Amino acid sequence: MSLDNKLDALLGHYKILSEKIMDPAALGDDYAKISKEYADLGPVIELINEYKKISEDVNDAAEMLKEGVDDTEMKKMLEEEKNEGEKNLKNLTEKIKIALLPKDEADEKNAILEVRAGTGGEEAALFATNLFNMYQRYAEKKGWKFEIISFSETGIGGCKEGTATISGKNVFARLKFESGVHRVQRVPETESSGRVHTSAATVAVLPEAEEVDIKIDEKDLRIDIFRASGPGGQSVNTTDSAVRIVHIPTGITVSQQDEKSQHKNREKGMKILRSRLYEAKREELDRERSANRKGQVGSGDRSERIRTYNFPQGRVSDHRINLTLYKIDEVMAGDLDEFVDNLTAEDEARRMAESEI
């Protein structure tokens with residue numbers, strides 16, 4: 001089927017949907033689903049209508065030129081109109097193809113961010129703190145809500161492991177390519193000889209799952225209650241408030257102890273567990289769809305080295321798209337859009353090449 005035929009079919013489908021939503025009672029339980037489909041198609045339909053109008057103008061100009069025009073000025077104007085229209089059609093075609101790509105259902109979800117220190121001892125923990133703060137600043141720039149769930153500190157301000165929920169518009173869509181190993185090259189604060197060290201931290205970004213996304217059977221859970229340890233205020237260690245939740249079928253384990261209330265720790269732990277199960281389900285589906293997913297942008301493979309932060313040279317390099325920016329201070333201050341935009345564009349280009357549109 002040609003692109004024009006597909007667009008005509010989509011316009012017809014949109015018209016049917018618009019007629020259906022005029023009668024909510026007849027749709028019953030399907031009303032919400034059909035309304036969402038209608039709303040989601042709206043922006044694509046606008047592009048298609050613009051494409052159709054410009055196509056008509058280009059065809060009219062071409063037809064008049066074919067018939068012959070004696071007036072030189074008129075001929076020049078028609079040729080310019082035709083050339084400009086063809087250029088606009090090319091741009092619109094790309095936009096429409098991107099808009100028609102299958103949507104990642106998780107893109108509109110909030111996200112759970114997990115940052116863990118990797119190889120490199122105390123310096124890795126300090127870098128993990130830097131990354132955690134970087135994402136917090138990025139969230140602030142985007143107007144998102146950043147809520148720390150847990151943060152396990154080392155003695156000199158490093159982070160063994162930090163977890164946060166990030167809420168807002170299209171959070172997961174913007175952050176999903178951040179999962180993987182982030183490497184740092186710099187002189188550690190603890191290094192007296194001035195030698196550059198290499199260490200790493202691991203980032204995982206999970207779509208925050210709702211109860212409707214993942215149903216968890218209570219009989220599949222083992223919940224252990226124990227006394228919290230480590231920093232957390234005077235009263236955190238005086239009661240058995242810490243919670244460890246084990247999902248028996250998968251072996252996924254979540255521990256939560258930052259809150260003084262056992263109930264709150266369980267609630268936060270269940271939120272993380274639900275999101276990890278949801279992500280595992282997504283990864284399983286992706287493996288079924290694509291055997292070579294590991295090599296693709298946004299594979300989410302946490303063992304894959306994705307980015308290097310070289311402080312002596314002031315550069316940050318993303319190895320998946322061969323993009324290097326010489327503005328490390330701005331990046332660490334949360335200026336991530338250039339990386340995010342290029343990773344998104346690369347992913348769209350790959351999916352367009354694989355699609356049949």
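**Strands and their surroundings**

Modeller: Take the contacts in the protein chain between residues at least 6 apart in sequence: 61% of them join residues at least 24 apart. Contact here means heavy atoms within 4.5 Å. This is a predicted model, where local features need pLDDT of at least 70, side-chain atom pairs count only at pLDDT 80 or more, and totals for chains, interfaces and linings use all residues. Residues are numbered from 1 along each chain as its sequence is written, and side-chain values use heavy atoms, with hydrogens and water left out.

The protein chain has 9 helices and 11 strands. Both are DSSP runs numbered from the N terminus: helices (H or I) have at least four residues, strands (E) at least two. The radius of gyration is 26 Å, well over the 21 Å that the globule rule gives for 357 residues, so the chain is more spread out than a compact globule. That radius is taken over C-alpha atoms, and the rule is 2.2 Å times the number of residues to the power 0.38. Along its principal axes, the C-alpha trace spans about 90 × 65 × 35 Å.

Now the part you asked about. In general, strands of a sheet pair through backbone hydrogen bonds, either parallel or antiparallel. Two strands count as paired if DSSP finds at least two bridges between them. In this model, 8 strands form an open sheet with mixed pairing, in the order S2-S3-S1-S5-S4-S9-S10-S11. Strand S2 (145-153) and strand S11 (323-325) stand at the edges. Each has a single partner strand, so one side of each is left without a neighbour in the sheet. Neighbouring strands are turned by 15° against each other on average, direction ignored. Angles are taken between N-to-C directions, from 0 to 180 degrees, and axes are lines fitted to C-alpha atoms, for helices over the stretch in contact.

Start at S2. It runs antiparallel to strand S3 (residues 159-167), and 8 bridges join the two. Ser152 stands opposite Glu161 in S3.

Next comes strand S1 (residues 111-117), which holds Glu114. This residue has 1% relative accessibility and counts as buried. The cut-offs are simple: buried is under 20% relative accessible area, exposed is over 50%, and partly exposed is in between (1.4 Å probe, protein chains only). Glu114 and Thr163 are 49 residues apart along the chain, yet their C-alpha atoms are separated by 4.5 Å.

S1 also pairs with S5, antiparallel, over 7 bridges. There, Arg116 has Thr202 as its bridge partner. In strand S5 (residues 197-207), 8 of the 11 residues are buried, so S5 is largely enclosed by the rest of the structure.

On we go to S4, which pairs with S5 in the antiparallel sense over 7 bridges. His182 stands opposite Ala201 in S5. His182 also stands opposite Arg307 in S9. Here strand S4 (residues 180-186) and S9 pair in the parallel sense, over 5 bridges.

In strand S9 (residues 305-310), 5 of the 6 residues are buried, so S9 too is largely enclosed by the rest of the structure. S9 runs antiparallel to strand S10 (residues 315-318), joined by 4 bridges. Asn310 stands opposite Arg315.

Leu131 touches Val115, His182, Ala201, Val203, Tyr309 and Met332, leaving aside residues up to four places away in sequence.

A further sheet is open and antiparallel, with 3 strands in the order S6-S7-S8. Strand S7 (residues 242-247) and S8 pair over 5 bridges, and His247 stands opposite Ile252 in S8.
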